[in-house]
Amino acid sequence: MRDQDILLIALYAFGGAATAGALGAAVLRAVRHRSAAVSLTVVAAASVTTMLAGTLTVAWAMFLSRHDLTVVTTVVAMAAVVSFALALVLGRWVVARSAALALAARSFGDGGSFAAPDEAGTAELDALTRELAATSAKLNASRDRERALETSRRELVAWISHDLRTPLAGVRAMAEALEDGMAADPERYFRQIRTEAERLNGMVGDLFELSRIHAGALSLMPTRISTYDLVGDAMAGVEALARQRGVRLVGERVTALPIEVDGKEMTRVLCNLLSNALHRTPTDGTVAIAAESSADDTVVLSVTDGCGGIREQDLPRVFDTGWRGTEARTPPAGAGLGLAIVRGIVEAHAGHASVRNVAGGCRFEVTLPLAGA
């Protein structure tokens, strides 16, 4: 057979197959929103039809006998029947696996957990199953965090309501006594009202700060500062309280290390920790603050008190919003927000806050990245 004849046969076959293929593509587009079984059947039908069209076009062009044309047509038709059957079986199998996966996915949308179908599917369906399982795990973790936060919010509202009600009731009683002229020492009442007003203002300020932290609206202005200066500012801020409480405040192992922090916010962190320690350390006790470098290019700022320690089961909750521990550890003006604010500010600086028991008390540590590390 000459090369020219082979080229002519190829052109006839391509023309017939292309025509059938175009028709199959149009049908496939029309049923693209139907079941996968329908699409697979159309693909199988289009494949067989293109082969049949190409074969018959060449057969007619070569003027084959009727007998030979019938044989070719019969062979192609049998192949089409087998192809259609296989496409239907494969389509029903894919549809069944997809339906099982959809049912499993629907189960964790309303608070349940995703349970993968027992029977394996195609590689794509298996990949989708793994993604749904990972999403379900993340969703369950998010629900747990949401429930914990909701519990913490309810506790906080209850505690704050109680703590606000007590000074407000006292202020109202003193104001009524002054108004009725029943106060034996008006100046003392005025001083007490001012003290309670300052206490209320501090609680409202803590609430505002905590709300900014939880909302991600805490605006930081980091500058390069030495830990020596930072510790000095914090100690100066609580010196009066230390004298009032009769507690020794000492700085030990304060190394001058450079850190990139918001000086105002980090001073508040240390003042909160020092104030917390001073309130819980008995008279004639000692509160020590230190600043040391760590082996992993971090700085550790620590405050050690003489509170007697925290129960081991309470240690994980110390920095939770509203946590105040046992009665012996509850400060007279506390609302359980100081340590939550500490953790929020430290984490906003890419740091970490922790606490552990030591001999005679506990040690609060703030770990921050070293400047330039």
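In which sense do β6 and β7 pair, and over how many bridges?

Tutor: β6 and β7 pair in the antiparallel sense, over 7 bridges. Two strands count as paired if DSSP finds at least two bridges between them. Strands (E, at least two residues) and helices (H or I, at least four) are DSSP runs, numbered from the N terminus.

A word on the source. This is a predicted model, in which local features need pLDDT of at least 70 and side-chain atom pairs count only at pLDDT 80 or more, while totals for chains, interfaces and linings use all residues. Residues are numbered from 1 along each chain as its sequence is written, and side-chain values use heavy atoms, leaving out hydrogens and water.

Back to the strands. β6 and β7 form a hairpin, with 2 residues between them. Gly360 sits in that turn and has a positive phi of about 85°. Across the pairing, His352 stands opposite Thr367 in β7. β7 also pairs with β5, again in the antiparallel sense and over 7 bridges. There, Val300 stands opposite Thr367.

Now the whole sheet. It is open, has 5 strands and runs in the order β2-β4-β5-β7-β6, with mixed pairing. β2 (248-254) and β6 stand at the edges with a single partner strand each, so one side of each has no neighbour in the sheet. From one strand to the next, the twist averages 15°. Helix α6 (residues 227-245) packs on the sheet and touches β2, β4 (286-293) and β5. Contact means heavy atoms within 4.5 Å. The direction of α6 makes about 170° with that of β2. Such angles run from 0 to 180 degrees between N-to-C directions, with axes fitted to C-alpha atoms, for helices over the stretch in contact.

How enclosed is β7? 7 of its 9 residues are buried, so β7 is largely enclosed by the rest of the structure. Buried means under 20% relative accessible area, exposed over 50%, and partly exposed in between, with a 1.4 Å probe and protein chains only.

Phe319 and Phe364 form it, edge-to-face, at 6.0 Å centre to centre with 85° between the planes. Rings of Phe, Tyr and Trp (its six-membered ring) pair if their centres lie within 6.5 Å; planes under 30 degrees apart count as stacked, over 60 as edge-to-face, and the rest as tilted. Phe319 lies in the loop between β5 (298-304) and α8, and Phe364 in β7, so the pair ties together parts that are 45 residues apart in sequence. Both Phe319 and Phe364 are buried.

Next comes α8, residues 338-348. Its buried residues include Leu339, Ile341 and Val346. The buried residues of α8 pack against β6 (352-358) and β7 (361-369), and also against α5 (186-214) and α7 (263-280). Just after α8, Ala350 takes a positive phi of about 60°.

Finally, α5. α5 and α8 pack at an angle of about 35°, with their axes 10 Å apart. From α5 come Asp206, Glu209, Leu210 and Ile213; from α8 come Ala340, Ile341, Gly344 and Ile345.
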